[in-house]
Structure formats: structure tokens, C-alpha cells
Amino acid sequence: MKSPKVVTSAAAGIVVLGLGLSACGGGDDDGGNGGGSGKFDAGSTAVVNASDHKGGVLKMAQPDDFESLDPANIYYAYGLNFVRIFSRTLMTYASKPGAEGSKMVPDLAEAPGTPSDGSKTWTYKLKRGIKYEDGTEVKAKDIKYAVARTFDRSVLHNGPSYFPQLLAADGYKGPFKDKNLDSFKAVETPDDYTVVFKLKAPFSEFDQVVGFSGQTAPVQQAKDTGVRYGMHPISTGPYKLQGDYTPKKGGTWVRNTNWDPATDPNRKQLPDKIEVQAGLKAEEIDSRLQNGSVQIDLPGSGVQAAARQQILTNPKLKANADNPLAGFHWYVPINTKNIPNLECRKAIVYAADRSAMYRAYGGEVGGQVSTSIQPPAVAGREQGTDYYTKADPNYTGDPAQAKAALAKCGKPNGFSTTMIFRSDRPKEKATAEALKQSLDKVGIKLELKGYPSGTYTNEQLGAPKFVAKEKVGLGTYGWAPDWNTGYGYLQPISDGKAIVDTGNANPEELDDPTINKMWNDVVSIQDPAGRAKVYNEIDAKIREQAAILPNVYAKSLLYRPTNLTNVYFHAGYGMYDYANLGVTG
Amino acid sequence: MARKDPAELVNGSAEQSGTRGAPSAFLEVRDLKIHFPTDDGLVKSVDGLSFQLERGRTLGIVGESGSGKSVTSLGILGLHNKRNANVSGEIWLDGTELVGASQNDVRRLRGRKMAMIFQDPLSSMHPFYTVGHQIVEAYRVHNDVSKSVARKHAVDMLGRVGIPRPDRRVDDYPHQFSGGMRQRAMIAMALSCDPELLIADEPTTALDVTVQAQILDLIRDLQEEFNSAIIMITHDLGVVAELSDDILVMYAGRCAEYASVDDAFHRPLHPYTWGLLGSMPRLDRERSERLMPIKGTPPSLINVPQGCAFNPRCAYRDLNGDKSTTERPELVEAEPGHQVACHLPLEKKREIWESEIRPKL
Amino acid sequence: MTAPIEVSGSEAEAQPDAVLAGVDRKAIQGRSLGQIAWMRLRRDKVALSGGAFVLLLIIVSLPGVTGLVTGWFGSPPNEFHQNLVDATLGGPLKKWGGMSSDHIFGVEPINGRDLFSRVLYGARVSLLIGVLATLVSVVIGTVMGIVAGYFGGWVDTLIARTMDVFLAFPLVLFAISLVGVIPNSLLGLEGNNLRMGILVFIIGFFNWPYIGRIIRGQTMSLREREFVDAARSMGARNSYILFKEILPNLVAPILVYSTLLIPTNILFEAALSFLGVGINPPDPSWGGMLSQATELYSVAPHFVIVPGLAIFVTVLAFNLFGDGLRDALDPRAR
Amino acid sequence: MVAFIVRRLLGAVGLLLIISAVTFAIFFLVPRAAGVTSDDIAGRFAGKQPDAATLAAIKDRFGFDDPVPVQYGKFLKAIVVGDTYDTGTEKIHCPAPCLGYSFRTNQSVTDQIVDRAPITFMIAIGAAVLWVIVGVSIGVLSALRRGTIFDRAAMGIALAGVSLPVFFTGLLSLAFVVHRWNLLPEVNYEGLSDNPFNLILPWICLAFLYAALYARLTRAGMLETMNEDYIRTARAKGLPEKTVVFKHGLRATLTPIMTVFGLDIGLLLGGAIITEKTFSIPGLGQLALDGVNQSDLPVVLGATMVAALFIVLANLVVDILYGVVDPRVRHS
């Protein structure tokens, strides 16, 4: 509640309720500047249209569909955000606007995990009296089972694989192949309300692992239907699925009477129903958002080109839009194997036309010119200083410095290399073109090649074998952390150990001994601020190595219908918080 | 078109009448011109043709391909598209003028009063409809009868033209018929409304000799039965000799010679006719003797040679000085009932025929 | 697609010297078919203007000339002019897509590249792929068509069935998936040369049955003609008959269908580029520009119109010329 | 007639078999030749950063390491008798015709196709009705009024029409009709429950192209037919011009056009890729396109097979109709 206007609006909402009127909340008035909520970007930092108004149908839509509705089988942030309406996990993101939203808070657990054994063992105590939609109580073994399921990647392959990676499970194959849960030794349940995780190695951010995904949402072994659990996941949250979910069509959630708000400060149960419609064309969703017949565009990545133009050129519409940083940093990894000489890499960074790259992403509405690799949402991140470039929307590169670097590299006339991008992403194509025209000026010739996004991160840019064979020097890439800490963000993209054969997130193939050592050491630092300091140092070192050319921190343009209440941008998910919304009218 | 057509004069003299009203003849064609404008120029397929025909008589029109025979016959039936053909002159059929008549009026006469037997019966019959259906269709358009009556009539007609088991063949498609049977079916179709004028365009060309003879017999029999007037178009002089009363020799869209069969075969007066006779194979001729083809190729109908259209191919053109290459010969009555368009003096022609041509035939 | 062309190349000499036979068409004596066709074509102003446009396009697409022309009327195709576009919306700042004397077709959204020069450079790609792919189709189609039509029997059955298989393939889908799985260097080709090579191959290779069918039909009817019988009876070998007797008579239909296949192939190339499997950026292609425009038509409608019109006018010009050529070679088909 | 149909039916099945084999070979062999391993393919199924054990499990489950002919055999078998998949807790039966499971969505390809097909059908059939009516009537009128201003204008427009790709007219109409002038709402069609007239714009754009083509075809065919001897015969019989044109002329003209129509509609029913992409309509074409972009082999393969099926089916129907219409075909 940082903005006084929002406070006013919230108060107005309460007053209205107090008078027993249910028709419209205070924020519903979109005539002129009144209503308090109608301000561009208000929802990025504060709750807009705060209201306790109950009732109504909250309508959400998406062009495609969830990977799954099985909380353990989801990786996309919007899916993880959405499933919170019916699933609770040990820990979860705080439901707060601003940076607070990146913090992990207890959900099913009474308190954050207690590390022991040098952060190799993590213990969680469950709250009592938490029930499934059928009234059965949630027990510790259900959480153990939920974690065990994630070990069979051939069945549940969409979700993150942190548990198999971190837990000391000793070749455990998962409960589908090995029905005896006792074989799963990595999670212990000394009693019905205690869950103990045993890790292979010390890990200080286990709360984040537990909280960011839905994989600790309890599942009763008897009711598990494997791949098809996603058709009807059983609720522990404020809403339960009515009937089954129909992929590519949608489903309806209704109030779950067995959910107790007293145990759950992170969710609200305002609308009577939540309806999800899948397969609605993105442009159509945009127009329905504007007329209020759909309240939420589920993917949360912002409106399409046509609506974008309408919103930005129409002040009335613009007042109902938010333009937050979405969590991604779009940058250009520079492969250190194919361009081993630091000076040559520096030449690329020097020559890069940051202005053109920035415009490729849509200027100030599309992104914010970046300095550090970690985006601002990462806890403890510092902006740092620019290396060989300037985080300035008008900076067009420094050809003189680039030429000097090329001379030092021993290639005064430049060199040739390949830059790849996702062919079905126009912005990445535009970025590649922008980079090509600016590098051309100093004699660095880029050959541009596009690949389908479906294979790009696994088989092209994410496959060192391919990168070596095709001599890929540059690529377009974007990274959003699984959770907002420096570890979550930087480790997969800069630790030499993180280089893998497919799905490599470290396409620069940076395998720097100093950085590697810092990663080895940082996990044992207990103090988050102390860790953040190291992360910032690593961030700077990567850029000093000219292994990554920063571009922009992604910004999305979100439209919030006027009949939506309790809207705010959630930093943890990079979109509006879906578990606290209400509707009016 | 300012130039006066000599043929008109001939015709006028032949008709002996100052008023150009309805003629007494059953069919009279007067100064018929059928021109086709094309991108390459005006094609004068028929360029001033006149003749008469009485009921019960047969006129044979002979000439090379492209001489305008078929165009003339289609012209009589009014089958030229007004958009791509300029038809002028007069065609009188039993007192009705056809060139100036409305499309619909002419259509009503077609099939009923005048009918045509086409050259290639396979392509001339619709492949998708049964033979019977096509005859029924022709009959019913002019006779208000029920389908079953029309069908009986079709079976009748097929029987009359000599198709065995017509009650079964009536439901066959044209492609299921043999060539001769198809031609018979075609004739049955043409005769289904008892036409008074029958035009047969090369009715036997596509058939083998025995069938040819049967078909010709059939046409002759039918003529006797209905007393129809027949125009027989062919380039086969044998057919003409067998069937016709009179012969009209066409060259480059005009009449070169008009004569009775007897005159045409025994006293022909036009070098072109001589050529035609010379190129006709005859059984009674010595094997060793060779045919005498007409030299050269038919003229372009766009740029008809100046003077006599036949002059580039005529062996005798120099006998007239340069007359043949400068002046178009008029059709004149050389003997009663025998007209010819040639500059050679009559005596000279008779002499050449007797001394040079006839012995070689 | 259209009425087959009457083959009439050696009509005069093939004329059987039967006694009373005349020419059954109103041919003009003393001129070869080529001359007649040219005479007719010369009169067809519409077809000629189509041909003239095609010629002009080919000339300005020649290496060297393109640069010269864009030097006069525009800027290099890959030069950014970001001062001319709105940084946020991406559209040109000035009206009419930023059309001015410097940028006669306006500028591209987002980066402000000169549309005139991009359209012109795109022409080279379109023409090259269109023509080369046609060549591939025509060569395969003619060979297969002649062989099938001439030899008949099981050879014909085999080739005809093969054509059926080709025609039953969902072509566009197939082409895009094939482009996606083909490696990055092949047969010594790399980069855009390889890309173009692949596009030429795919478009050409999958289109041959269309021309193959026509040639097959023509060959079948030619085979029955007297002059072929004559040659055969004189003991001519198959290869002699195929190349000396039949092939010359197929020149006219091949010519016409090639002219009409080029625009089809240009459209096909544009469609593939539109679907994202065209040549690599930043080289411009018309279909590629339209593909980009799907995101940008609301801010820059001219970005749809300019490349779209380029495709339209070029294809139309080829079609006009091809139609004219067909009419000239066979006036009855008009 | 029965023998005729059976013969054609067998031919169609054979054709489909060949197409499936070629398609399978291309999609499985060409990528292998280009260096894609079974690990890569399993990786597509496995999501982010799979480990070796996961890949092995997936390869085992789908048999990615089997020889290609074995995989092809399985693929065919699944189409004919269905297939069974282990979900971990139970076996799911994928009933025939089973085209496998999508790597990306883990949904049955058959279900996805069944889901999308009605959308593509609506596009194709709506447009086809439009283009056949408009194209054929204009073609007939043009042929009958050959050389008139109507004919010249119609043929001029038709020539322009065949030079106008849908991705141009479509984008143009979206940019102006929908966005600039707001004359029509956004094209939005997701299934049979939607108002089919939402597809009016795609129909018009698609039909314009084809109508132009058909007008040209019909006119050329009509001119040729009207020059046929049997038309002359029909006129010589004294039939009214209307009968001559429609009963004798049009029927013969339409038969070859039917063949072209079969090919066109077959091609479109299998996915109006360009139209769907232009207007972002989620039909079969989009499914296939997404499959390609996602390297989702089962979807691409399934979509290709279905597209080929429609082409073959349409041709089969045309063949049989041809037999009905043209007695010469029936008797040969």
C-alpha cells in the first residue's frame, strides 16, 4: 500500500461494502481520472482496486493451454501462479506487491525450513487441520509422495527436476515403477506433521526450491492417476475443480468449503467461480480484456501488437495498463569456445548498437536497457557498472574502441561468426539484425540463422555439440530465474558445472575457474546478503569476460480490466497474482 | 464492300426477276457471305455464294477442306455465332428468309424443317447422354409429346436406320456404338422430325467402304420416303456421282462451277474441277497411271490471290495474258444449267478438256 | 490448368500429302510458327507490358544494377534509420509509412530500413528462386512426361503413379518441415546460397508433376502422329525420335507453361518465407516482410502494402505475359 | 460400378501406404542424417534439462532406438489397431486410428486432429461454396459473352485474383477492414460452437483467389466445350440456347473442373496453412505449423498423414463421381 491513491480506493471499496451495496467497487469508475486506480503502471508496484467484494465469476483465458494442471508437472510461471488457487505447497511466494513478492513464506509449513547438518538436511513442520476438498486431512506422507512422483521424469516430465538433482535418493525410480514408498529414503516423515528432506550436498536456498514450484503440493497416493492427475488435481486451496479439466477447452473452479482462510494468508476466496477458457486467440483475449468479458490473460506476457498500439495511443486505455519488469533479461551470450579471445569478444560488446537492440524489443515499453545480468527483481542484486558498453537507450556503440580491441585480438579487419536466433520470435530476429548491422561497421561479419523455438534451447543454442559444429559465436537468449536470488539466476548460466549436452543454459560455455570456485564456495554462506554480494561479483566477472552482452530487462504491457479487483504485479511470477483476484459487476 | 459482286449479277440474271422477294425454289441462297474477323485479318470463308435447290433433289457441294463447304452448311442452319461471324446475303427456305430472321425463329426451324448429319458422329454426339436420350431430346423440342411416346419414336427411328435390336441399343451411350452404327444413330437423330432439308456434311468420310455404301443407300431411301431436299457436302466425288443431281464446286469461298452431275463429270469447264477429277482414284484406271494431284496448297482465305483465286495453281492462267491474276472471273452460264467462273474462252476450255484432261483420266 | 496447347510446330511439313487435303487452320503461308506467334504477341499490348515489366525487374535485379538503382532512389537495404521510426510503437514517425524523396516506398518499422531498396533486393531472391525452381520442374517434368508418354506401358504406369503420390503430398507442410530438418551446410553450399538451393530444390522438385502431366499428354498424342510413325518406319531409334521429332514439338507448351509456372513458384517462395522458412535475415524477401508485418500491420499498414504489391505486380506481370504467350502460340485457347 | 469403386479404393489405400512410408522416412531419416540423435528426440519430449536416465526411460517408452522399419511398423499398427501407453499408474489405450502422442503436449495426436479438423473444415467448405458459385458463374458468363466488356473486366479481375496470395489480401483486410475501419470484428473461430460467419474474412480472401482461378478454368473449359461438335449438334437439333449451354455445355465443362476441385478441397481440408496462419485460426494447418516449430514429430507426421488422407479421399470421391457423370469412364 505504497500509493496513497490506492489506499483511498481500497477504503472506498470497504465503505461501499459496509453500506451493503454489491454492485460496483470504488475502482470501477473509469470515467476521467476519478476512481484512483486508473493510472498507468499503478499495478506494477501496488494493489489496484483493493476490495473484499465477494461473488461474481472471474474469467481467465489463454491461447494455448497449461502444460498440465498437475502442480508437479508444470514449469511455466503462469501455470505455477494459477495452480495456487487449488494447491498449497510447503512454502510459497508472499502475496505482496513489489520486491516483497519475491520472498518465500510458509504455506502448508508452519515456518520456513530448518536447515541442519550444514544445510544438508531441511525440516518442515506442517500446519494442523489442513484439508483436501473431500475433507481428508493433509498428512506428511502425502508430501513425501508428491516429491517421490517427481523422480519419474518419464511420466511427469514438464516440471523442474530439482528434487532428483538435490535429494539423496540413491537411484530411486519413482512411485510408478516402485510402488513401495519406503524405498524413497530422501524424504522422511517421522510423524504426520513433519517432513525431512535429505540432500546430497549442502544447499542454502532449499526454501526457494520448495516454494517456487508446485511439487510439494500434497498428493494422496491412492488418488494419483499419473499423467492424468492433471485432469482433476485434488484441491487444498480456496477453489476446487468442477468436473474434469478439458485440455484445449478449459474448466471451472468453484469455492472449496474445506479451505480455511485462517491457515492461508496468501490466498483469497472472492469470486464464486473461476472459469478458464483455453484456445482463445490472443488478439481476441485482448479485445475481451478491454470490454471486461475476460479479466485475465493467463500467460501474463502482455498484450499483442494491435492492442499494444491501441493502449499506448489511447490515454484512457493506457490508464488501465501496467508496464512492469517481467523478470526476464534478454541478452546475447558470446560463446567463449568459438571466440576464445577476450579482446575479440570485447570488440563485439564495444561495437554493439544498444539503441537498436533496445528498439528491437519495443523501446521503453518493451524493456529497460540493462547493466547487470541479474534483473532488478533478483533479491540483493545491484545494478553494477557497465563493461565495454553503456546502458543507455541512445548508445549506438563505440566503433573506435571496438577496432582497438580487434587490433589487440590480432584481427584488425574483423572476423566472421554465426549468430542464431529463434525464427518464430520477431524480436529476436530484429535483435540479430540490429547486432549484425552494428558489427558490420567494424568488420565483424555475422551470418544470421533462425531455428524453431521448439528445439532452440535444447538442440541448437543449448547444445554445445551443435554450437561447436556450426561455429555459433552469438545467439539471442533470455533467462528468467526459477526463483529470484542470484543463485537461481546466475548459477545455471555461468557455472562451468552447469554446462550440459542438451538444454544448456550456459550457451556462452563460460568455464572460468575463478567463477566456478566462487559457485562452489557460495552455497555454504548462510547469510543471504553475504551470498548476494558474491552473486554481484560473479555478475560483474561474467561481463568483464565479455561472455554476455546485456540487452534489456523485459517489460510486459499488461491490461487490467476495470472490473478486476485486488490486482497487482507479482514479482515472483512476473505477472499479476492470480490467487488473490476478485471481480465486480 | 463497295465493290459490286459479279456473282450477284449472275444470280440476278438467273433469277430473271427485278424484285428480290420470296423465290419459288424450296431453298435459295443468294449472295451468301460469311466472314470471320480474326486477329490475323478478315477470313472470308464464304464470299458471295448463290444456288437453288428443289424438294426431292440432291445437291453435292465439293471442294477442298477450307473451301467454305461446311461454313456454308452451318450458315444455312444459322449455326454461326453472330459475335464472331459476319453473315450477309439471303437464305430463303420454303418462303422464309433466314439470315435476317430472329435467332429463335431459326432455332425452331432447325431440327424440324432442316436437319444436319455431321461428319464425325463420335464427337458430334454428347458423350454423357444415351443415344436414345439425344434423339428423344431432338424430337420433344419440336413435338409436344410425352417422354414415353418420344422414346418409342426414338426406338422406331433407330430401327428405321437399320440398327439391330433398337429397343436395347436406345439406352447405350455413343461410345458403345461402332462407327457405322453411330452414323446411323446420327442420321436417325437428324431425321427424327422428318426434315424437309437435310444437309449431310461428309457423312461417310470416317467409315469403311462397305458401311459407306449402306449409309448412302439409307440416305437415298429416306429421301425417297420423305421427298426431302438434300445437300451433300463432301470432297469425295464418288459419293457425289452416286447420289447427287447437281454439283457445286467451291473454291476459296466461291462457286467455281455449277453443273448437273452429268455435265460435271463429262463436260467440266473449270481447271479446278479438272484437277478434282484428276485426283479421284478410279477402279477402272490402269494401276500404272498416277493420280494427278492439284499442285500447291489451298489459298489463304485472308489474302485471297488477286484475280482468279485459283490462278497460282492453275496451269492455264497464262493463256489469258494477265487477266487471271488481275480480274476476278464472274460466274457465267456457259451452257444451260452449267455455270462456270473462269476467264478461259469456252471453246478453249472444251478443247483442253477433250485433248489434255479427259484422256488421262 | 488450362486448355492444352495444340502442338503445331511442324504442321506444314507434317502435312500428309493427300490429294485434296488443305490446311485445316487458317495459317498464313511462308511464316514459321515462331514468327506468327511473335507477330501476334507484338499486337498484344497488355502481354507486352507484362513482359516489359518482367524484363525491367530482371535488369534491376542484376548484381550491380540493384545497387546502382537503390543508390539513386534509396539507401542500402540494411542501413538502419532509427531516427525515422517511433522507438516504442515501432511505426514510422511520418505519415504514409515515412514515404519521402529519400525513401520512396517509406521505411520499415522498428529499424527504419529503406523499403524501396529492400523490395528491390527482395526481387532478386524471388526471381532467382522462381526461375530456377521452374527450371528444375520443367527439366524433371519434361523428361518424366516424355518418357511416360512415349514409352507407355509399365513405365507410364510407374511415372503416373509417382505423380499421383507427389500430388497427394501436402506440399506446403512438407516443404516447411523439410527446410527445418536439412543441415546447415550441404554439397559445399552454405548460408543463404544453401537456403536458396534448398528452396529451389523443394519448390522445383515438388512441382514437376504438374508440368509432367501436360508433357505426358502431349507426347501421347504426338506419338500417334504420322511424322513419328514415318520416322519409326524408317528405322529411327527411340532417342532420335524423342529428341529430334517429339521434343521440338513440345517447345511451345514447355515455353508457355514455364512462363506460367514462374509466378506460381514466386508465390510459393513468398508463402514459404511468410511461414518462416525463407532465406536468412537480414537479406530481404517479400514473403518474409509480410511475415514480419503480421505483427506490425496496426502500426505500419504500408509494410503490408509495399511488399504485397511487389508480389502482386510481379506475379501479375508474369501471368499477363504467359497468357499472352499462350494466346500467341495457340489463339484458339483464348 | 462396384468393381470400379473397389479398384479405386484399393488404389487409394496403396497411395496412402506409400505416402506414409515416404513421410515417415523423410521425418525420421533426414533428421538422423543431419545429426539429430534419438537422445535429441527424447529430449524434445523431456522438457528442460533432462538427465540421461530420463532420456533412456523416454526412449524405451516410445522405442526411439528401434530400427526405422520397426518404428514404421508400430506407427502403422497403431493406426490400424490402436496402441497402449503406460502412464505410470495405468495403461491408456489409444484407440485406432492412433497417431501417437505429442511430444510437447502429451496429448493424443488423433484427439488434437479431431479437435482442429472442424475448424479447418469450416474454413475450407465455406470458402469452397463461395468460390465455386462465384467462380463458375463468372466463368460461364464470360465464356458466353466472350470478348465483351464483361468478359474483359471479369478476366482482368480474375488474372489479378490469381496473382493475389491470401497472406497479402488477408493481412490487408486485417489491417484495414478490421483494425483501421473497424468494419468487422477480429477473426475469431475456435470450434463449431462459434458463429461460422466469424470466418467471413478468411472465406472471402481464400475464395477470391480460388474464384479467380475457377473463373479462368471454367471460361477456358466452356469455350472449349462450346466449340465441341456435340454442342453444334445440339444447336442443329433446334434445342433452346439455355438447354444447349447448361445441359450440354456446362455439364461437360464441369467434369474436369471437378477434378481440380477435388485436389483443391482435399489440399485445404488437410490444413489451410496460409489462411490459418494469416488470420491465426487454430485449425489443422496451425497444428501442423506449431508441430514444425516445436519439432513435435508425432504431430507433424500425424498432420501430414491426415492431410494426405484428405487429398486421397477427395480424389477418390472425384474419381467415383467422374464414373457417375461420365459413362466412358465407368465403362472403361
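Predicted model: local features only at pLDDT ≥ 70, side-chain atom pairs only at ≥ 80, totals over all residues.
Student: Let's begin with chains touching. Which chains have the most contacts between them?
Tutor: Two residues are in contact if their C-beta atoms, placed from the backbone, lie within 7 Å. Among the five pairs of chains that touch, chains C and D have the most contacts. There, 42 residues of chain C meet 44 residues of chain D.

Student: Which helix gives the largest share of the side of chain C that touches chain D?
Tutor: Helices (H or I, at least four residues) and strands (E, at least two) are DSSP runs, numbered from the N terminus. On the side of chain C that touches chain D, H12(C) has the largest share, with 10 residues. Other helices of chain C that supply at least two residues each include H6 (153-168) and H10 (238-274).

Student: And what are the residues on that side of chain C like?
Tutor: Here Ala, Val, Leu, Ile, Met, Phe, Trp, Tyr, Cys and Pro count as nonpolar, Asp, Glu, Lys and Arg as charged, and the others, Gly among them, as polar. The side of chain C that touches chain D has 33 nonpolar, seven polar and two charged residues.

Student: How many residues of chain D are in contact with chain A?
Tutor: 31 residues of chain D are in contact with 33 residues of chain A. H2(D) gives the most to that side of chain D, with five residues. The residues on that side of chain D split into seven nonpolar, 15 polar and nine charged.

Student: How far apart are the closest C-alpha atoms of chains A and B?
Tutor: They lie 49 Å apart, and no contact joins chain A and chain B.

Student: Now, how do I read two packed helices?
Tutor: You describe them by the angle between their axes and the distance between the axes. Axes are lines fitted to C-alpha atoms, for helices over the stretch in contact, and angles run from 0 to 180 degrees between N-to-C directions. Take H17 (residues 513-522) and H18 (residues 528-544) of chain A: their axes come within 11 Å and cross at roughly 165°.

Student: Are H17(A) and H18(A) roughly parallel or roughly antiparallel?
Tutor: Angles under 35 degrees count as roughly parallel, over 145 as roughly antiparallel, 65 to 115 as roughly perpendicular and the rest as oblique. H17(A) and H18(A) are therefore roughly antiparallel to each other. Residues making the contact include Met518(A) of H17(A) and Ile538(A) of H18(A). The contact has five nonpolar, one polar and three charged residues.

Student: What about H5 and H8 of chain B: at what angle do they pack?
Tutor: H5 (residues 131-142) and H8 (residues 179-191) of chain B pack at about 20°, with axes 8 Å apart, and they are therefore roughly parallel to each other. Among the residues that meet are Ile135(B) in H5(B) and Ala185(B) in H8(B). That contact has six nonpolar, one polar and no charged residues.

Student: And which crossing is left-handed or right-handed?
Tutor: A crossing is left-handed if the near helix is turned anticlockwise from the far one by less than a right angle, and right-handed if clockwise. H17(A) and H18(A) make a left-handed crossing, whereas H5(B) passes H8(B) in a right-handed one.

Student: What is the strand order in the five-stranded sheet of chain A?
Tutor: Two strands pair if DSSP finds at least two bridges between them. The sheet is open, with order S8-S9-S10-S1-S11 and mixed pairing. S8 (239-246) and S11 (296-297) of chain A are at the edges, each with a single partner strand, so one side of each has no neighbour in the sheet. S8(A) pairs with S9 (residues 250-255) of chain A in the antiparallel sense over five bridges.

Notes
Residues numbered from 1 in each chain as written. Chains lettered and ligands numbered in written order.
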